[in-house]
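The following report looks at selected packing and contact features of the structure shown below.

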Amino acid sequence: MGDYRKLWSNLNMNLEKHDVLCAVLPEIYSKVYLSQNDRPEGMNYFNFVVSEVHGLRIEELDNHKKQGGKVIGTFCVYVPDEVILAAGAIGVGLCGGSQFWIEDGEKVLPRNLCPLIKAFVGAKVSATCPYFQSCDMLVGETTCDGKKKAWEILNDYTPVHVMELPQMKREKNIEDWKMEIKEFISRIEELTGNKITFEKLKETVILCNDKRKALKRLYELRKNIPSPISGLDSLLISQIAFYDDPQRFIQKVNELCDELDERLKSLQPNGKKRILITGTPMAIPNWKMHSIIESLNAEIVVEETCTGTRYFENFVEENANDMDELIENIARRYMKVNCACFTPNAGRIEDIIKYVKEYKADGVIYYNLSFCQTYSVEYKKVEEALNKENIPVMFIETDYSEEDSGQIKTRVEAFIEMI
Ligand code: BJ8
């Protein structure tokens, strides 16, 4: 990585502490990722992006800001990127997936809270994440209680705009969400000084749909037996989707898919068990479950998570006659995401069963971040439905630490042998 110390110091980062973070990441990455056999050539781009995660992309954000552009941080796949991009701003996903930030998060938050929240708050309070430091505004949303209250703390550091996400999916809730998107548009226009026109919004609707299509193409390829790409590599691509330049990302994913198309011609069955992962998101660099599962005789072929199908399934209807209709189309697409913070949330169960069939999964691993209540409570309904379909399922609740890795490995090993 180049020398970015001046850039980081201009972002008011805690350089000493950040050095510690920079020292651990390459080691983990090489152990988890570079040790995989026979990776597609197209993964070189994504390796490069990771190696420059706090470098080149931050420089791009910096150049954008120097030209008067704004950077907006988000934490949830319900926040419409289309709006941010239409105002000429750059959106970056800020969910934290590193154990490194937990200690600082726990200085201002209770310990018995979801690690994802502790990590992103820790990243901000410790001033060790250059993405956070680059943001002119953060966008929160009313999903789970922990996140909802965390915005109040983050607002002391960077202005937070909170979108009120309904928790049910009736027509009146969709209408409410549409109003929230309209308010969001006004707030973004005010921040950027740029008017979001119908033409601009239509352009970014198409751009975001193209990004979804590229990811969908990648996931379609994983339906093959065997999959031409590991679950680990696919997860990395999904994680990078949250902060890379969208145009470049689309191009690189499509190039990789062209290579995978070729690969399919020479792939031989590998006898590995095919696993569907469902549950809470895996923010970068949380590769814990994938690396454990794929170190065994198994491959992860699909993730029904927000760092998986929930991020790219369903397109925004591009045909609209005016701004109001286009916003309505955006609202309807986002309200199709099936997060456990909704009640009821039967759509998620239908999705899981559909994906098990489509991806020919042998079993389901339900991944729950510790203290995430909505997902852990929802497990009962998911388990019942999968039992009815004779689909094997196991529940794993864990955080970002490595302490329970051995124990999880033993449990997963037994599960894989059984299915
Ligand atoms: S749409 S999953 S990105 S809220 S932070 S709910 S893990 S306790 S992240 Fe999420 Fe949006 Fe839903 Fe997806 Fe649980 Fe943790 Fe809350 Fe979480």
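## Packing of α7 against α9

Leu116, Ile117, Phe120, Val121 and Lys124 in α7 meet Gly146, Lys147, Ala150, Trp151, Ile153 and Leu154 in α9, where contact means heavy atoms within 4.5 Å. By class, this contact has eight nonpolar, one polar and two charged residues, with Ala, Val, Leu, Ile, Met, Phe, Trp, Tyr, Cys and Pro counted as nonpolar, Asp, Glu, Lys and Arg as charged, and the others, Gly among them, as polar.

Helix α7 spans residues 115-125 and helix α9 residues 145-154, and the two pack at an angle of about 10 degrees with their axes 10 Å apart. The helix α7 is therefore roughly parallel to α9, a term used for angles under 35 degrees.

## Basis of the model

This is a predicted model, in which local features need pLDDT of at least 70 and side-chain atom pairs count only at pLDDT 80 or more, whereas totals for chains, interfaces and linings use all residues. Residues are numbered from 1 along each chain as its sequence is written, and side-chain values use heavy atoms, with hydrogens and water left out.

Threonine 307 lies in the loop between β6 (298-304) and α15 (309-312), and it is buried, with a relative accessible area of 5%, buried meaning under 20% (1.4 Å probe, protein chains only). Its side chain reaches the backbone nitrogen of methionine 282 at 2.9 Å.

Apart from neighbours within four places in sequence, threonine 307 is in contact with Tyr219, Leu235, Ser238, Gln239, Phe242, Pro281 and Met282.

How values were computed
Axes are lines fitted to C-alpha atoms, for helices over the stretch in contact, and angles run from 0 to 180 degrees between N-to-C directions. Helices (H or I, at least four residues) and strands (E, at least two) are DSSP runs, numbered from the N terminus. Angles under 35 degrees count as roughly parallel, over 145 as roughly antiparallel, 65 to 115 as roughly perpendicular and the rest as oblique. Buried means under 20% relative accessible area, exposed over 50%, partly exposed in between (1.4 Å probe, protein chains only). A polar contact is a pair of N or O atoms within 3.5 Å; within protein, one must be able to donate a hydrogen and the other to accept it, and residues adjacent in sequence count only if both atoms are side-chain atoms.
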